[in-house]
Amino acid sequence: MHSQARLPALSFVAAGDLATYVRTFQGVVGAGGTRITGDAARQVLMQSRLPVGELGRIWELSDLRKQGSLSLPEFALAMFLAQSRIRGKVLPDVLPPAILAEIQAANALPPAVAAPQAMLTPQMALAPQQRA
C-alpha cells in the first residue's frame with residue numbers, strides 16, 4: 001500500500017474543489033509527498049492568470065509556517081483563495097479565525113490521520129455568504 005497525501009475535511013472548501021486540489025497536489029509532489037515547493041506551487045497558481053501581486057498575497061496567507069513550501073492543507077487554502085478571487089471575492093487582509101484554526105489543526109495532524117476520501121464530506125459546502 002503506497003502512502004498518499006492526506007487531509008481532514010476543510011469546511012470552507014466545496015467537496016469537488018477539494019478533490020481537485022488534492023489530485024493536483026498529488027500530481028505535483030508524487031506518492032508520499034507531504035509538501036509542494038514554492039516553485040511548483042507558483043507554477044500551479046500562475047495558471048489562474050491572477051495578477052502577480054495577488055498571487056503573492058495568496059502565498060503570504062497560505063504559507064502559515066513560512067517555510068517556502070506548502071503542506072496539503074496550505075495548498076488547498078491557496079487554491080481556495082485563488083478560486084475565490086477568480087469568482088470576484090476580495091482577498092482578506094488576514095485569514096478568518098475559523099479557517100486559520102482549521103488549517104493549523106490539519107497541519108498538526110500526522111499525514112496518515114485521514115485518507116483523501118475522508119475529507120469529502122457533506123459539511124464541506126461553502127456557506128451561502130461565501131458563494132460567488
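**A walk through the chain**

Of the 132 residues of the protein chain, 39% count as buried, where buried means under 20% relative accessible area. The model is a predicted one. Read from the N terminus on, their order is α-β-α-α-β-α-α.

Contacts along the chain come next. Take those between residues at least 6 apart in sequence: 73% of them join residues at least 24 apart.

Two of the helices can be followed in detail. Two packed helices are described by the angle between their axes and the distance between the axes. For helix 3 (residues 52–62) and helix 4, the angle is about 145° and the axes are 9 Å apart. The crossing of helix 3 with helix 4 is right-handed. On the side of helix 3, the contact is made by Glu54, Ile58, Leu61 and Ser62. Helix 4 contributes Glu74, Leu77, Ala78, Leu81, Ala82 and Arg85. Sorted by class, this contact has six nonpolar, three charged and one polar residue.

Helix 4 (residues 72–86) also takes part in a pocket: with four residues, this helix gives the most to the lining of the second largest pocket. That pocket has a volume of about 190 Å³. Eleven residues line the pocket, and the closest to its centre are Phe80, Ser84, Lys89, Val90 and Pro92. In the lining as a whole, seven residues are nonpolar, two are polar and two are charged.

Definitions and conventions. Residues numbered from 1 in each chain as written. Predicted model: local features only at pLDDT ≥ 70, side-chain atom pairs only at ≥ 80, totals over all residues. Heavy atoms only, no water. 1 Å grid on protein atoms, 1.4 Å probe; cavity = no way out; pocket = protein on both sides within 12 Å on 5 of 7 lines; lining within 4 Å. Points joined across faces, edges and corners; volume = space filled by probe spheres on them. Helix = DSSP H or I, 4+ residues; strand = E, 2+ residues; numbered from the N terminus. Nonpolar A, V, L, I, M, F, W, Y, C, P; charged D, E, K, R; others polar. Axes fitted to C-alpha atoms, helices over the stretch in contact; angles between N-to-C directions. Left-handed = near helix turned anticlockwise from the far one by under 90°. Contact = heavy atoms within 4.5 Å. Buried < 20%, exposed > 50% of the residue type's maximum accessible area, 1.4 Å probe, protein only.
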